[in-house]
Amino acid sequence: MSAQSFMDLALNQAKIAGNGGEVPIGCVIVRDGEVIARAGNRTLIDRDPSAHAEILAIRQAATALGSERLVDCDLYVTLEPCTMCAGAISFARLRRLYYGAADPKGGAVESGVRFFASPTCHHAPEIYSAVGETEAATLLRDFFRARR
């Protein structure tokens, strides 16, 4: 499957989250061309501020592989990760990060603190931005417009 195909799966997770009233962000983790974890935001449902799609998917993938190190795995997420999620991506040693829409207010990859460029960052994945950007941005924009 292509990067766009995996991002489409992440977008589907985002839509499921949005339909449940969560901010529509979705994530999948892939190893050897196979999806091993998928999640959407669950902060409201779980009453957990750390229940971002990336964190939930990393937990699933670590359980599936029996290791906290996801060195040969790639993460696809619909929105640029925040600082918390960037930290988890680094600690999990994910190989590649693909994200859809940039997040100038809360992102920490190419916006904000630029976590992976920090000298205190122990591991930085290869980064591919703007994969499925238009659909991811539209999904978020429509979600917030409906709530205003």
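In this predicted model, helix α5 spans residues 133–147 and contains 15 residues. The distance from its first C-alpha to its last is 22 Å, close to the 21 Å expected at 1.5 Å a residue. Four residues of α5 are listed as buried, namely Ala 136, Leu 139, Leu 140 and Phe 143. Viewed down the helix axis, the buried residues of α5 fall within an arc of 90°, so they line one face of the helix. These buried residues pack against α1 (3–19), β3 (73–79) and β4 (96–101). The face of α5 turned away from the buried side carries the exposed residues Thr 134, Arg 145 and Ala 146.

Arg 145 also takes part in a salt bridge with Asp 142, in which the closest N and O atoms are 3.3 Å apart. Both residues lie in α5, three residues apart, or about one turn of the helix. Arg 145 is exposed, with a relative accessible area of 52%, while Asp 142 is partly exposed at 42%.

The salt bridges of the model number eight. One of them joins Asp 74 to Arg 96, with an N to O distance of 3.1 Å. This pair links distant parts of the chain, since Asp 74 belongs to strand β3 and Arg 96 to strand β4, 22 residues apart. Asp 74 is buried, with a relative accessible area of 6%, whereas Arg 96 is partly exposed at 22%. Asp 74 and Arg 96 belong to a network of salt bridges that includes Arg 95 and Glu 126.

A further salt bridge connects Asp 46 and Arg 42, whose closest N and O atoms are 2.7 Å apart. Asp 46 is partly exposed, at 33% relative accessible area, and Arg 42 is partly exposed at 34%.

Technical notes: Residues numbered from 1 in each chain as written. Predicted model: local features only at pLDDT ≥ 70, side-chain atom pairs only at ≥ 80, totals over all residues. Heavy atoms only, no water. Helix = DSSP H or I, 4+ residues; strand = E, 2+ residues; numbered from the N terminus. Expected span 1.5 Å × (residues − 1). Buried < 20%, exposed > 50% of the residue type's maximum accessible area, 1.4 Å probe, protein only. Arc of directions from axis to C-beta. Contact = heavy atoms within 4.5 Å. Salt bridge = Lys/Arg side-chain N within 4 Å of Asp/Glu carboxyl O.
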